[in-house]
Amino acid sequence: MASKFQSRLVGTIVLVAIGVIFLPDFFDGKKQHFQEQFASIPLQPQTGNEGSVTAIPEPVDAETELPPMAVTEQIAGEPVLTEPVNVKPPPVGEPQPGNTDSGWVIQLGVFRNFENAHQLVEKLRSKGYQAHVLPKQLKPGDLARVVVGPEIDKDKLSEKADDLRKLTGLNGQLLRFNPLNP
């Protein structure tokens with residue numbers, strides 16, 4: 001049989017085990033479990049009735065003509081007869097006033113260092129000139145061009161060339177400005 005010491009040792013071990021296992025639950029009380037509630041997002045949104053799509057009609061060109069007679073309008077009770085105006089299209093070969101093919105810019109320099117180009121532009125803008133760095137975003141290996149303008153009148157821009165030479169010390173070059181490929 002087991003001795004009294006062994007029985008007490010086994011009993012003590014059982015009591016300690018029960019205390020370690022059950023006493024924390026007894027003192028903590030009822031456990032509360034928190035779980036976040038969330039809704040799953042569908043992979044493809046549900047659309048409405050697929051059969052209710054309406055087609056947009058194509059635009060219709062209306063053939064309209066001006067009346068052959070003069071139009072009368074009434075101002076303060078008196079009828080006024082206006083005469084028809086004949087508008088002739090301009091000849092194809094002649095340039096239109098105000099309609100030029102391009103403008104003009106003065107290219108002051110081409111810089112490899114983008115910061116130097118921006119410093120020159122800031123200096124020119126502080127003196128009131130319309131200066132730009134082209135292209136706006138450089139890729140590796142690109143060069144930054146500093147231009148003043150664009151201006152439609154070539155003579156007006158060429159007058160500014162001497163002032164720019166005194167201000168920056170750079171001899172500018174007068175170039176055509178293409179807005180689609182600056």
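Author: Gladly, and please keep in mind that this is a predicted model.

Reader: How many bridges join β4 and β5, and in which sense do they pair?

Author: The two strands, β4 and β5, pair in the antiparallel sense, and the pairing extends over 4 bridges.

Reader: OK, and what is the strand order in the whole sheet?

Author: The sheet is an open one of 4 strands, which follow the order β4-β5-β3-β6 with antiparallel pairing. At the edges are β4 and β6, the latter covering 173–177, and each of these pairs on one side only. From one strand to the next, the twist averages 40°.

Reader: Switching to helices, which strands does α2 touch?

Author: α2 packs on the sheet and touches β3, β4 and β5, with its direction at about 165° to that of β4. As for α3, this helix lies across β3, β5 and β6, and runs at about 30° to β3.

Reader: And the largest nonpolar core, how many residues has it?

Author: That core has 16 residues, and those with the most contacts inside it include Ile-106, Leu-108, Val-146 and Val-148. The elements giving two or more residues to it are the strands β3, β4 and β5 together with the helices α2 and α3.

Reader: What does Val-148 touch, leaving out residues up to four places away in sequence?

Author: With those left out, the residues touched by Val-148 include Val-105, Ile-106, Leu-108, Leu-124, Leu-157 and Leu-164, and also Tyr-129, Gln-130 and Ala-131.

Key. Residues numbered from 1 in each chain as written. Predicted model: local features only at pLDDT ≥ 70, side-chain atom pairs only at ≥ 80, totals over all residues. Heavy atoms only, no water. Core = buried A, V, L, I, M, F, W, Y, C linked by side-chain atoms within 4.5 Å. Buried < 20%, exposed > 50% of the residue type's maximum accessible area, 1.4 Å probe, protein only. Contact = heavy atoms within 4.5 Å. Pairing = 2+ DSSP bridges. Axes fitted to C-alpha atoms, helices over the stretch in contact; angles between N-to-C directions.
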